[in-house]
Amino acid sequence: MFIFNSSIGKKFIQSITGAFLVIFLLLHGTINFFSVIDSFTGKYGAVAADEKLFSAGDGLFKLGCDFMSTGFISIMVPILALGFLIHIIYGCWLSWQNLKARGGWKRYEVASKAASDSWSAKNMLVLGIIIIGFICFHLTHFWAKMQLPEMFGVGNFENNPYLLLNVTFGKWWVVVLYIIWFAAVFMHLVHGFWSMFQTVGWSGQTWFKRLKVIGVIVAAIIVLLFIATAINAFIQANCIA
């Protein structure tokens with residue numbers, strides 16, 4: 001098929017699944033950032049250590065987690081996650097094919113006007129590997145303790161996400177690792193965002209410049225949402241009596 005055999009078709013698949021990644025991260029990051037807002041309204045603190053208070057609470061983070069359990073979101077999130085997974089697997093396969101074909105660190109089989117635009121453009125595979133490693137690390141802290149026990153009955157279920165944030169980010173080195181992770185995510189998204197639109201035809205000189213700026217803004221918002229969540233949880237776990 002053309003979409004699988006041509007370089008344009010391969011890039012198109014990566015672009016569409018990359019859009020899934022952006023939406024997934026924006027949704028996930030926004031819900032997580034609600035915990036930061038809760039810390040300023042006094043609805044984080046004691047709730048993190050008291051299951052009864054958590055169950056009866058109305059903090060934004062709790063409401064966000066409840067929202068993620070609604071029927072529509074329960075269907076949408078796995079679809080977005082699947083697109084995310086396809087993006088990772090297909091991207092690794094493309095990179096491997098290109099390495100064999102060209103003997104160099106090239107992202108796709110044909111060159112684009114932005115192929116040498118930045119370090120991140122030349123090293124999307126390296127960034128992807130870093131991101132994949134930390135995703136596995138992330139899953140062991142959250143998904144394995146909330147969704148996995150709930151869906152498959154494996155492991156011990158943790159119902160209180162505030163407590164889970166404190167336990168995970170209460171260690172400074174975990175926060176540092178997450179910041180490194182999201183630095184890689186930022187560089188990956190900055191290149192991927194405008195590349196996604198370029199693939200679908202928005203490659204004019206005027207829009208190309210605008211999309212690069214928008215890409216930096218979107219990537220910065222996503223990364224800052226997650227980093228703020230991690231740092232706030234560290235403060236809540238170690239500095240708030």
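In the predicted model, L26, V213, I217 and I221 together make a nonpolar surface patch of about 320 Å². The element that gives the most to this patch is helix α11, which covers residues 205-238 and supplies three residues. One member of the patch, I217, is found in helix α11. I217 has a relative accessible area of 46% and is therefore classed as partly exposed, since that class lies between the cut-offs of 20% and 50%.

Read along the sequence, the pattern is accordingly written α-α-α-α-α-α-α-α-α-α-α. The accessible surface of the protein comes to about 12,800 Å². Carbon and sulfur atoms account for 72% of that surface. Of the 241 residues in the protein, 43% are buried.

V185 provides an example of a buried residue. This valine is found in helix α10, which spans residues 172-199. The relative accessible area of V185 is 5%, and V185 counts as buried because this value falls under 20%. When neighbours within four places in sequence are left aside, V185 is in contact with L25, I131 and V223. A separation was also computed between V185 and A220, which are 35 residues apart along the chain. The C-alpha atoms of these two residues are separated by 9.7 Å.

Contacts across the sequence were also considered for the protein as a whole. Among contacts between residues at least 6 apart in sequence, 70% join residues at least 24 apart.

The arrangement of one pair of helices was examined as well. Two packed helices are described by the angle between their axes and by the distance between the axes. For helix α4 (residues 60-67) and helix α9 (residues 161-169), the axes come within 10 Å and cross at roughly 110°. Angles of 65 to 115 degrees count as roughly perpendicular, so α4 and α9 are roughly perpendicular to each other. On the α4 side, the contact is made by L60, F61, K62 and C65. On the α9 side, P161, Y162 and L165 take part.

Notes
Residues numbered from 1 in each chain as written. Predicted model: local features only at pLDDT ≥ 70, side-chain atom pairs only at ≥ 80, totals over all residues. Heavy atoms only, no water. Helix = DSSP H or I, 4+ residues; strand = E, 2+ residues; numbered from the N terminus. Buried < 20%, exposed > 50% of the residue type's maximum accessible area, 1.4 Å probe, protein only. Contact = heavy atoms within 4.5 Å. Patch = residues over 30% accessible without salt bridge, like charges linked within 9 Å, V, L, I, M, F, W, Y side chains within 5 Å. Areas by Shrake-Rupley, 256 points an atom, 1.4 Å probe, with all protein chains shown as cover. Salt bridge = Lys/Arg side-chain N within 4 Å of Asp/Glu carboxyl O. Axes fitted to C-alpha atoms, helices over the stretch in contact; angles between N-to-C directions. Parallel < 35°, antiparallel > 145°, perpendicular 65-115°, else oblique.
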